[in-house]
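Q: I'm new to this one. Could you walk me through how to read it, feature by feature?

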Amino acid sequence: MEEIHRLSDWKYLDKKQIGITCVAFSGGQPKGGVDLGPEYVLKAGLIEQLNEMNFKTVLTDNKIHDYKEFFPKSDEPIGIIKRPRTVGIVNKILADQVYQHAKLGRLALQIGGDHSMAIGTISGMARAVKERLNQDLKVIWIDAHADINTPQTTETGNLHGMPVSYLIGLTDEKIEGLDWIVPCLKPENLVYIGLRDVDKDEKQILKKYKIQAFSMHDIDRYGIGKILDMTIEHLSKGPYPNSPIHLSFDIDALDPTVAGSTGTPVRGGLTFREGHYICEALHDTGRLVGLDMVELNPAIGDCHEDTITIGCSLIRATFGESLL
Ligand SMILES: NC(=[NH2+])NCCC[C@H](N)C(=O)O
Ligand SMILES: [Mn+2]
Ligand SMILES: [Mn+2]
């Protein structure tokens, strides 16, 4: 039987159990191969590595999910938005999978898959945090992109460029398949790190909602150490300075020379160490409850092994792999 945990703070969290959900899904963007991310990460030995670190791991349904049995028979674009019903149903199920782990006090790790899956992962985690602690979830979004386009501002129609706008609730337009999403993220509870390819309208949105965003320019200026200090300080404002944090890590935040197997690479990104420092510093807060590792696409580039290996080591760093 599951232990009954205290509800008064996040200490109930069983920091030795990780619920892992493998999201072999690529429908939020046009390129094949990102659905292979989870398979490659598991083949690289991630579960064994986490077990070696003394974690008990629970793989959702003991398999990699492609969710294909839930795909609608047809999914015509709605306006410019591509595959809204498919992205919608996958995320609805994913939200529940993450919620189930989180409500049992497990850390939740989601391996992607394209970044549209953060609609589900963060919805599920925020629901669990609300229910257990009556607190709002805080989110750190590591990415070259802001992924905050709305159906009105998107130029590509790819939903992996829009998850944040759905999580915050920036659009009232009810699009079939996506109409179940309940806004669960307040703009002040979000921090971006690594931005360098932000669309014009997205810049307006970041300004309008006063979202804390650290670009590569800011990292050059202050150094990654100070950026993390400022990030954690920002997420410690408000009535619950220790509230839980979810980390959504898009591998394209790293420089393409470091991790090039990803669908929308952008030059001038994070170094290997900067990426790991972020994970280590967040582990040290003791507040991390969830991690998404997304946009690993082994079908792109000729050194996908590096990208997969780095994905694994970022995950281990987030869960506290010690360097000494
Ligand atoms: N998760 C990602 N890699 N997103 C890239 C988004 C690119 C562009 N801003 C768009 O809206 O399509
Ligand atoms: Mn990105
Ligand atoms: Mn992204």
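Here is a short tour of a predicted model, taken as questions and answers.

Q: Let's begin with the ligand. Which residues come nearest to ligand 1?
A: There are 14 residues around ligand 1, and the nearest are His115, His145, Thr156, His160 and Gly161. Sort that shell by class and you get nine polar residues, five charged ones and no nonpolar ones.

Q: And the inside of the protein: what should I look for in the largest nonpolar core?
A: Start with the general idea: in soluble globular proteins, nonpolar side chains tend to be buried together. Here the largest nonpolar core has 90 residues, and Ile122, Met125, Ile140, Leu185 and Phe249 touch the most other members. Helix H3 (residues 84-103) gives this core its largest share, eight residues.

Q: Which residues is leucine 185 in contact with, beyond its neighbours within four places in sequence?
A: Its partners are Ile122, Ala126, Leu137, Val139, Leu167, Ile168 and Leu190.

Q: How do I describe two helices that pack together?
A: You give the angle between their axes and the distance between the axes. Take helix H8 (residues 224-234) and helix H9 (residues 272-285): the angle is about 35 degrees and the axes are 10 Å apart. Their crossing is right-handed. On the H8 side, Ile224, Leu228 and Ile232 meet Glu274, Tyr277, Ile278, Ala281 and Thr285 of H9. By class, that contact has six nonpolar residues, one polar and one charged.

Q: Last one: why does glycine 45 count as partly exposed?
A: Because 13 other C-beta atoms lie within 10 Å, and a residue needs 20 or more to be buried, or 12 or fewer to be exposed. Glycine 45 sits in the loop between helix H1 (37-43) and helix H2 (46-52).

Notes:
Residues are numbered from 1 along each chain as its sequence is written. Chains are lettered from A and ligands numbered from 1 in the order in which they are written. This is a predicted model: local features need pLDDT of at least 70, side-chain atom pairs count only at pLDDT 80 or more; totals for chains, interfaces and linings use all residues. A residue is near a molecule or strand if its C-beta atom, placed from the backbone, lies within 6 Å of it. Ala, Val, Leu, Ile, Met, Phe, Trp, Tyr, Cys and Pro count as nonpolar, Asp, Glu, Lys and Arg as charged, and the others, Gly among them, as polar. A nonpolar core is a set of buried Ala, Val, Leu, Ile, Met, Phe, Trp, Tyr and Cys residues joined through C-beta atoms within 7 Å. Helices (H or I, at least four residues) and strands (E, at least two) are DSSP runs, numbered from the N terminus. Two residues are in contact if their C-beta atoms, placed from the backbone, lie within 7 Å. Axes are lines fitted to C-alpha atoms, for helices over the stretch in contact, and angles run from 0 to 180 degrees between N-to-C directions. A crossing is left-handed if the near helix is turned anticlockwise from the far one by less than a right angle, and right-handed if clockwise.
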